[in-house]
Amino acid sequence: MLNNNQKSVYASEIFKLAEGKEDKIFYNSSAEHASIVHQALAKYATDYIYIFSSSMCTDVSNNPEYCNSIKTFLDANKEHSIRIILTDYTSNFQNTNIAKLLANYPLQVSVKKYDGCVMYKGAPAHFTVSDNRAFRLETDIKERMAFGNFNSPEQAQELKDIFERIFNSELAKDVPLNLN
């Protein structure tokens, strides 16, 4: 676990990179780091966010800071969109804070389940990409090891292309979001 000082130093650096749309690789190696990076991606997204994940049932996706960042992103502009592909979808997702929030934006949010994976260097990977420039690629799902960049159009485009191929394939099935 990170102490508060380590968290704040890491968060300051990540949010500075995101705000400046800097072309600099960053790394993360914990759930706390993952949560900070996802908050920064959501806070500074200006168009879309694509998420390729397992279940979105952990604290990384359901903490108040991340949910607030997602809400602010969706509220800022009716053209903002979020697309999500879940590889380990269960009905528990419907009871999460993030799913309950996303259900309020049926015209802006689409969630699908996919019985497959994306491989990176021989191992399953998860990723988030936004705005044709920013991404976080999780290369070790269990240990939350990842790298990313807030201004790498070439790498972001590659991930976006992979995401859209899966999202638009017949193998990806719609997940209805329930307003409770």
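This is a predicted model: local features need pLDDT of at least 70, side-chain atom pairs count only at pLDDT 80 or more; totals for chains, interfaces and linings use all residues.

User: Okay, which crossing does helix 2 make with helix 4, left-handed or right-handed?
Analyst: Helix 2 passes helix 4 in a left-handed crossing.

User: And what's the angle between helix 2 and helix 4?
Analyst: About 15°, with the axes 8 Å apart; helix 2 covers residues 31-44 and helix 4 covers residues 64-76. Angles under 35 degrees count as roughly parallel, so helix 2 is roughly parallel to helix 4.

User: Which residues make the contact?
Analyst: From helix 2, they are His-38, Gln-39, Ala-42 and Lys-43, and from helix 4, Glu-65, Tyr-66, Ser-69, Ile-70 and Phe-73. By class, that contact has 4 nonpolar, 3 polar and 2 charged residues.

User: Switching to pockets: what's the volume of the largest pocket?
Analyst: About 240 Å³. Its lining has 19 residues, and Ser-53, Ser-61, His-126, Glu-138 and Arg-144 lie nearest the centre. The lining splits into 8 nonpolar, 8 polar and 3 charged residues.

User: How much space is in the second largest pocket?
Analyst: About 170 Å³. The residues lining that pocket include Val-118, Phe-127, Leu-137 and Ile-162.

User: Which element gives the most to that lining?
Analyst: Helix 6 does, with 4 residues.

User: And how does the lining of the second largest pocket divide by class?
Analyst: It has 10 nonpolar, 1 polar and 1 charged residues.

Notes:
Residues are numbered from 1 along each chain as its sequence is written. Side-chain values use heavy atoms; hydrogens and water are left out. On a 1 Å grid over the protein atoms alone, a cavity is a set of points where a 1.4 Å probe fits but cannot get out, and a pocket is an open set with protein on both sides within 12 Å along at least five of seven lines; lining residues have an atom within 4 Å of a point. Grid points are joined across faces, edges and corners, and a volume is the space filled by probe spheres set on the points. Ala, Val, Leu, Ile, Met, Phe, Trp, Tyr, Cys and Pro count as nonpolar, Asp, Glu, Lys and Arg as charged, and the others, Gly among them, as polar. Helices (H or I, at least four residues) and strands (E, at least two) are DSSP runs, numbered from the N terminus. Axes are lines fitted to C-alpha atoms, for helices over the stretch in contact, and angles run from 0 to 180 degrees between N-to-C directions. Angles under 35 degrees count as roughly parallel, over 145 as roughly antiparallel, 65 to 115 as roughly perpendicular and the rest as oblique. A crossing is left-handed if the near helix is turned anticlockwise from the far one by less than a right angle, and right-handed if clockwise. Contact means heavy atoms within 4.5 Å.
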